[in-house]
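I wanted to see who pairs with whom, and how open each partner is.

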Amino acid sequence: MRTEQRKLTRLRRLEKVRALARQQAAQQAAEAEGTLAHLNALAARTRAMADGYRDLSAIGDGQALRQQARFTLGLAGITQATSRDAASAQAMADLRQQELAQAERRRAAVEDRAAAGERALAQRGSHPASTARKQIGTGLE
């Protein structure tokens with residue numbers, strides 16, 4: 001019974017460790033989601049800005065057209081880079097969500113094992129041992 005109590009104590013300790021790991025995974029997932037939202041908003045703003053500068057009807061001369069084209073090209077590069085960053089942030093957020101789900105499964109599995117150990121320990125404590133005692137004496141007595 002003592003070894004089972006130790007095993008149960010270890011399982012409870014492992015459950016606490018897994019709960020902390022789950023909490024850390026949740027924090028990392030939230031940070032990844034925040035980064036993703038920030039980069040998506042930034043990509044949308046740069047796209048809108050680049051679209052706004054595409055209108056060439058207000059250009060008066062060739063130099064202004066050349067400057068406008070360079071500026072628009074630079075904005076397009078920034079937009080592409082931001083979109084790539086948003087895509088990698090999406091992949092990272094998905095990975096963090098998977099890690100969070102895995103951490104929760106691990107924690108739940110340990111919790112289930114600990115609960116089963118507690119139930120087994122409680123059942124064993126409530127029912128006396130039904131093993132036969134060793135006979136003392138002879139069969140003639």
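I looked up Arg 107 and found it buried, at a relative accessible area of 16%. Buried means under 20%, exposed over 50%, and partly exposed in between, with a 1.4 Å probe and protein chains only.

I noted that this is a predicted model, where local features need pLDDT of at least 70, side-chain atom pairs count only at pLDDT 80 or more, and totals for chains, interfaces and linings use all residues. Residues are numbered from 1 along each chain as its sequence is written, and side-chain values use heavy atoms, with hydrogens and water left out.

Next entry: which residue does Arg 107 form a salt bridge with? The partner is Glu 104, with the closest N and O atoms 2.7 Å apart. A salt bridge here is a side-chain nitrogen of Lys or Arg within 4 Å of a carboxyl oxygen of Asp or Glu. Both residues lie in helix H2, three residues apart, about one turn of the helix. Helices (H or I, at least four residues) are DSSP runs, numbered from the N terminus.

I then followed Glu 104 to Arg 22, where a salt bridge joins the side chains at 2.5 Å, N to O. Glu 104 is in helix H2 and Arg 22 in helix H1, so the pair ties together parts 82 residues apart in sequence. Glu 104 is partly exposed at 25% relative accessibility, and Arg 22 is partly exposed at 32%.

I wrote down the network too: salt bridges link Arg 22, Glu 104, Arg 107 and Glu 111.

Definitions and conventions. Helix = DSSP H or I, 4+ residues; strand = E, 2+ residues; numbered from the N terminus.
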